[in-house]
Structure formats: structure tokens, C-alpha cells
Amino acid sequence: MEFNASRLHLPRYRSSVAADLCIATESVQADASNFDVLELFTERRDMMSLPVTEQQRPIGLISRNIFMSQMSKPFYHEVYGKKSCIAFMDKEPLIVDAAMSIEDLTFRAVEAGEKALADGFIITEDGALSGVGFGLQLMNVVATMQAEKNRQIMHSIDYASVIQRALLRTSSAELSATLPDAHLEWQPRDVVGGDFYFFERHAGGWFAAIADCTGHGVPGAFMTLIASSALSQALRELGPHDPAALIGAVSRAIKTLLGQDGSATGSNDGMDCAFLCYDTASASLRFAGAKLALYQVVPGDADDAVRAIDGARMGVGYVDTPAGYCWHNETLDTPQGSLLFITTDGLLDQIGGSRDIAYGKRRMREQLLARRDAPAREVAAALLHDIAAWQGAQPRRDDLTFFCFRL
């Protein structure tokens, strides 16, 4: 269901409503089989979500990505093919009335979480299915509305920032409750940015991700929506314990969503990332990276050095990234008091100093070593002070995100 902003024809003198986003779509009855759904998705490659109805009233939504992923597993055709399609549908999709205002719809979509923005939502009229809408569509309309009201693009970007920060809020709260000696710095170069982070506790430990998506500003923010949604889906399917497998799943999802899996496309987007999984019982940290490294300072290390655990040199999702590429895990022992650090390239590539050169890894390492025994917040504050002094009058080049913590 390709979205074209030019087809919306938003009215100039009335408030926009959910009906303006409505895309007519096929649907299936609840008693349809999974083979029926598979046939529809195979014939309609542009169909990303499929409503399920009973007597014309929607009861669920089937995501193409989730359904095709499940049905590709061994023996799923044989076991689930003839069963009702409700087996793989979201039983609690976001359902809104066609008359709902865009403002109310935006808040409802944020409250519903990433699945409503990524997989879409159902639009009804008098309780009956009218069509579907999608998150990127909604964000585009929000931006257009702000430009219509004020003729100033900053208003639309501010609105998008509310959405982006809302999606990061849960991770911030989880991190604060789990790691008392930690600091996560997130500074978009513009009001919205192309970096994002994710943190989630699970039984026996936690999972964290830092990612730098293509671009910054509004294009980068769109990519963070796609990438973070793909990560959430991968975690639901694979669990948190294999960071390398999760990177592979996210890469394949991005390639599929953006048509970068072999079909003709003008897109060549993706991300660099670092995924971490910590096991409390063994006090071990499992790391996998794509063009991002994990830095470790071990207390009492005679070499007085910062150890770098490099990620793979392959980016995530890009056209030239093979669909079957396998990232690899590194398992680290983390002696008590170890300082660990991950950063996107916004810190390392910032131009400044007397010769207008990049800040670089050497200066970053010096800051980590100089405060190897200090709390993570002090390490972060020192880094921010040093990079600000280094930058001087130079403009900010990129989004800046880093994660500093002790276990």
C-alpha cells in the first residue's frame, strides 16, 4: 500500500480527520485460513497490513512482516496453513473512527506504541471497516498541518520531536531503574534526529541498543521509526539473548520495508548499531556491533589502556549488505568496577580544535582513562565539556549519542 502525499488533498479550511488518511483495503473474515492470507500477501506485495473482520466489523490486524516471518518457519505451513487466520493477527490493534481529529489520532497512536505507527491502524465508519492508515502517513500529515497553520517548518519538526521523544521515554525509565551508575546522552543535531536507543529489562538481565540511522533531522527520524519498530519485532520473535541474530533480523526487515532486497529502489538507507545483552547470574556481557565498537576500561589494568571490541564493518539494511550476512557475538567478562562505553560517530567525527580536525578516538580514550574510577555521570559530563570546547565555533556535524555505564 504505497503512500503518496500528493493524493491526500488535505482541505485548507477545515481540520483534518482520520478519514483523510484512509486507504481502502481488502480484508478477510475470521474464518479464513492462513493459506488464504498467504495467497493475498503473495498476490499483493504492496499490502503491509490486512484487517480481519466479523460481519464487516474489524476484530484484528495481520502484519505482513510478522505473518510472512512466522509462515516461513519449518513446518508452519503444515501445522497452521488450514487454521483460522486469527492465529497470527494482532487482537488489539488501534481502531479509530473516521471522524477522529488528526491531533487526537496522533496522541492515540503514540499511546498505542510502536506497532500502531509501524504496522498501521484500522479506520472505521459507524463501526464498519473503512480502510487502514499508517504511521509514516500520519507523521507526514502532522508536518503538513503545521506548515499550513504557520508556514514555518519548525512547528512541524517540533511536533515530530514530541513523537520521537515519547517513543524513547520507556527505555529511559527502564535504564534508570536498572543501572544506577549509568548515563545515556542523546542530542539530536536538529530538533529530531537519526540516532535512537533502546533499553529493556528481562528475566535474568537486560538488553540495550544504540543505533545511528542514515541521515539526521526529519529523514533520520523516519529511519529511527522504521529501525526501532524492526528491533521490537525481532525481540518479540527471537528474545534478547543473541544480539548478533537480532542485528541480522533488523537488517532483513529494513531491506524488505524499504525495498532494498533486490528490487529497483531509490533508497539506500540503514544504520550502524551496537546491541548488548547482560546476564546477571554469570556477570557476562554479550556484544554484537555493526560499525560501532564497545570500549572497556578494566580497573587495575596494568596496561592502563582502553580495550576496544570492534563491531563488524558491515552496515545494517543497506543495498550492499547481503540479506544472509551473519554478525557475531563477543562475550566479555566484566570485572567489578569496569567502565563500558559506546558512542555513535557524532562524537568522534565532530570537527574542531585549532586545526579543524575530527575529535577522534584518541581524545575520547584519554577522557575515559582520566576518569576511569569516576561515576558514569561524571565521565559523561567531562566528555560533553571537552567536546564543546573542541567544537568551539564550528557547527554541530551530526547527532550525538553515547552510553556510559558500570555494572
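Reader: Is L136 buried, partly exposed or exposed?

Author: This is a predicted model. In it, L136 is partly exposed, at 37% relative accessibility.

Reader: Which helix holds L136?

Author: L136 sits in helix α6, residues 135-150.

Reader: What does L136 touch, leaving out residues up to four places away in sequence?

Author: L117, F222 and L225.

Reader: And how far is L136 from A30 in space?

Author: They are 28 Å apart, C-alpha to C-alpha. In sequence, 106 residues separate L136 and A30.

Reader: Switching to strands. What is the order in the open sheet of three strands?

Author: The order is β4-β5-β6, with mixed pairing. β4 (95-97) and β6 (128-133) each have a single partner strand, so one side of each has no neighbour in the sheet. From one strand to the next, the twist averages 35 degrees.

Reader: In what sense do β4 and β5 pair, parallel or antiparallel?

Author: Parallel, over three bridges, with β5 covering residues 121-125. One detail there: I95 has I122 in β5 as its bridge partner.

Reader: Now β12. Which of its residues are buried on each side?

Author: L294 and Q296 are buried on one side. Y295 and V297 are buried on the other. Both faces of β12, residues 294-297, are therefore covered.

Reader: Which strands does β12 join?

Author: Three bridges join β12 to β13, residues 307-309, and the two run antiparallel. Three bridges also join β12 to β15, residues 339-343, again antiparallel.

Reader: What stands opposite Q296 in β13 and in β15?

Author: In β13, R307 stands opposite Q296. In β15, L340 does.

Reader: Is C213 buried or exposed?

Author: Buried, at 3% relative accessibility.

Reader: Is C326 buried or exposed?

Author: C326 counts as exposed, at 52% relative accessibility.

Notes:
Residues numbered from 1 in each chain as written. Predicted model: local features only at pLDDT ≥ 70, side-chain atom pairs only at ≥ 80, totals over all residues. Heavy atoms only, no water. Pairing = 2+ DSSP bridges. Helix = DSSP H or I, 4+ residues; strand = E, 2+ residues; numbered from the N terminus. Axes fitted to C-alpha atoms, helices over the stretch in contact; angles between N-to-C directions. Buried < 20%, exposed > 50% of the residue type's maximum accessible area, 1.4 Å probe, protein only. Contact = heavy atoms within 4.5 Å.
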